[in-house]
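Here is a short briefing to read alongside the structure. Have a look at the picture first, and then we will go through it topic by topic.

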Amino acid sequence: MVKNIYFYLSFTSLELNDYAGCIRNGNEMLRRFQGKLTQKTEFTIKQYLVEAYCMLGMNKEAMKLLQESRGNS
């Protein structure tokens, strides 16, 4: 249940242009549920994070996350 709350908070924050909120909730979800997420859920939340980072001009963070994801696949 808590996992779903973080997931939808991240999505909703992204849709409402609250990019910092998206990053906060997405990173908290990845931290709290590390190793317990399906690949699909982890991929989706990382997509949200990358988009939010880019919208805030945090391109280095977005690239770092993409590189980490690529290394884990």
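Is Tyr48 buried or exposed? Tyr48 counts as buried, because its relative accessibility is 14% and the cut-off for buried is under 20%. Please keep in mind that this is a predicted model.

**Aromatic pairs**

- Searching the whole structure turns up 3 aromatic pairs.
- One of them joins Phe7 and Tyr48 in a tilted arrangement, with 5.7 Å from centre to centre and 50° between the planes.
- This pair links distant parts of the chain, since Phe7 sits in helix α1 and Tyr48 in helix α3 (residues 39-55), 41 residues apart.
- Phe7 is buried, at a relative accessible area of 16%.
- Phe11 and Tyr48 also pair: their ring centres are 5.7 Å apart and their planes stand at 45°, so this pair is tilted.
- Because Phe11 belongs to helix α1 and Tyr48 to helix α3, the pair ties together parts 37 residues apart in sequence.
- Phe11 counts as partly exposed, with 33% relative accessibility.

**Aromatic cluster**

- Phe7, Tyr8, Phe11 and Tyr48 together make up one aromatic cluster.

**Nonpolar surface patch**

- On the surface, Met1, Ile5 and Leu9 form a nonpolar patch, and together they have about 340 Å² of accessible area.
- Ile5 is part of helix α1, which covers residues 2-15.
- With a relative accessibility of 44%, Ile5 counts as partly exposed.

Definitions and conventions:
Residues numbered from 1 in each chain as written. Predicted model: local features only at pLDDT ≥ 70, side-chain atom pairs only at ≥ 80, totals over all residues. Heavy atoms only, no water. Patch = residues over 30% accessible without salt bridge, like charges linked within 9 Å, V, L, I, M, F, W, Y side chains within 5 Å. Areas by Shrake-Rupley, 256 points an atom, 1.4 Å probe, with all protein chains shown as cover. Salt bridge = Lys/Arg side-chain N within 4 Å of Asp/Glu carboxyl O. Helix = DSSP H or I, 4+ residues; strand = E, 2+ residues; numbered from the N terminus. Buried < 20%, exposed > 50% of the residue type's maximum accessible area, 1.4 Å probe, protein only. Phe/Tyr/Trp six-rings, centres within 6.5 Å; stacked < 30°, edge-to-face > 60°.
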